[in-house]
Amino acid sequence: MGRGLLCLLLLQLVGLVVAGGGRWRWQEEFLRLPSSDEATRWAVLIAGSNGFYNYRHQADVCHAYQIMRKGGVEEQNIVVMMYDDIAHNPDNPRPGLIFNHPSGPDVYAGVPKDYTGDDVNVNNFLAVLLGNRSALTGSGSGKVVASGPNDHVFVYYADHGGPGVLSMPADGEYLYADDLVKALKKKHAGGGYKSLVVYVEACESGSIFEGLLPSDISVYATTASNAEESSWGTYCPGDDHDAPAAEFDTCLGDLYSVAWMEDAEAHQEGRLAETLRQQYRTVKNRTSDEGTYTLGSHVMQYGDMALAPQSLDLYYMDTSPATANDHKLAAAGAKGSHSYTVSVNQRDADLLYLWRKYRRAGEGTAEKVEARERLVQEMGRRSRVDRSVEMIGGLLLGGAKHKQQVVRERAALVEDWECLRSMVRTFEDQCGSLGQYGIKHMRSFANICNAGVPHHAMAKAASLACPSPPPLHL
């Protein structure tokens, strides 16, 4: 039955209820029948960065989309947000294609462009998550998560991060942890889902939920790292020209992200059911470099642990024997996927890209000169940000107290989130954008807030640390 015809029939029945008096009970029961208990699966996939040096984030999201579709999630229920400047970037050795594994398939084909370019922003992400079309800006598709009380929602965020924040493509725009958690609480209060799962790939991503995410709003989250460490890029080019990913000057994926996706593909291919808890343990083990943490991070879980035994089939997989036959995508990622990999700290992945651009360029060429200038510029920008924050912290708190985490076991990063926003704005107004590297200093600003330093003192310290605006970066 067409949706329009069904709506017309329901309207007619409502009219009968109003006019029919004694027929109320029968009509009430009839009106409950249409699929009120059926669950719909929804997904939001967002890459919060741009630039070819951040290739991996959009590759992660494109790969995730393919997994959602293979698992039977309807296309109209998947919202994709990515800058979309990678596939046709001049630096791409495979124009029009994106790969998340050195020997894997193209993951870009068929990915919808729901929100691209400047439409990938905090406002639109929260509007999409909350199902609030009226709050959307720009020229995106208008798709939102219009979920109901019986639905299951999966959110995947791949990006740079820092203590308490996740980045967006626009310089100086951040999704603060308290805004994300407030949105989740609001969606729960409005009956917007039965259960909701969030996977976050970012440095210090544990700080997004630690001390903030309640255990009673049916949200389960895992993060690529704890609240104090970096996450890692992987499938990066190494010194061996014959190594996987050697033709690329950038990392193809992120360690936590490819871990959960390749695990999902293996289970999907083998028709093996898996729970959220089982996947968490598998991903935790792989992301920690088989438990050593020498080249990895501590994957964490937060929120409602009662959801952990749930099957992934509720969210993005379909391991029933009667489903689709073609799983070519799964085979590439699941078999021998990490026998040889180069992993790099997320914050150093752009330096690897710039260094390889410099090495690849011919001697004496304009390309060589430009590559060297960009590398020197980025190193200088990092040094300026570090010195500025160091000086401000010393002026306001003395010593190295601004670097230290205030002892707040299992508590949120900061008591006053508006203070944190204000301190960051004050710094950036005077000293320039923190950028994807500089947001690692968010803890310093949080400690300044937690120490009760007034805003005017921060403004004065910033003016002393940064008497003139710094040059633009990258």
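Guide: In this predicted model, H267 is found in helix α6. With a relative accessibility of 17%, H267 counts as buried, because the cut-off for that class is under 20%. Leaving aside residues up to four places away in sequence, H267 touches L272, A273, E274, M317 and T319.

Widening the view to the helix itself, α6 covers residues 255-270, and its axis comes within 11 Å of the axis of helix α3, residues 55-70, the two crossing at roughly 20°. Since angles under 35 degrees count as roughly parallel, α3 is therefore described as roughly parallel to α6. The crossing of these two helices, α3 and α6, is left-handed. On the α3 side the contact is made by D60, H63, A64, I67, M68 and K70, while α6 contributes S257, V258, W260, M261, A264, E265 and Q268. Sorted by class, the contact of α3 with α6 has seven nonpolar residues, together with three polar and three charged ones. As a general point, residues three or four places apart in an α-helix point the same way, because there are 3.6 residues a turn. That spacing can be followed along α6 in the contact residues W260, A264 and Q268, which are among those that meet α3.

Definitions and conventions
Residues are numbered from 1 along each chain as its sequence is written. This is a predicted model: local features need pLDDT of at least 70, side-chain atom pairs count only at pLDDT 80 or more; totals for chains, interfaces and linings use all residues. Side-chain values use heavy atoms; hydrogens and water are left out. Axes are lines fitted to C-alpha atoms, for helices over the stretch in contact, and angles run from 0 to 180 degrees between N-to-C directions. Helices (H or I, at least four residues) and strands (E, at least two) are DSSP runs, numbered from the N terminus. Angles under 35 degrees count as roughly parallel, over 145 as roughly antiparallel, 65 to 115 as roughly perpendicular and the rest as oblique. A crossing is left-handed if the near helix is turned anticlockwise from the far one by less than a right angle, and right-handed if clockwise. Contact means heavy atoms within 4.5 Å. Ala, Val, Leu, Ile, Met, Phe, Trp, Tyr, Cys and Pro count as nonpolar, Asp, Glu, Lys and Arg as charged, and the others, Gly among them, as polar. Buried means under 20% relative accessible area, exposed over 50%, partly exposed in between (1.4 Å probe, protein chains only).
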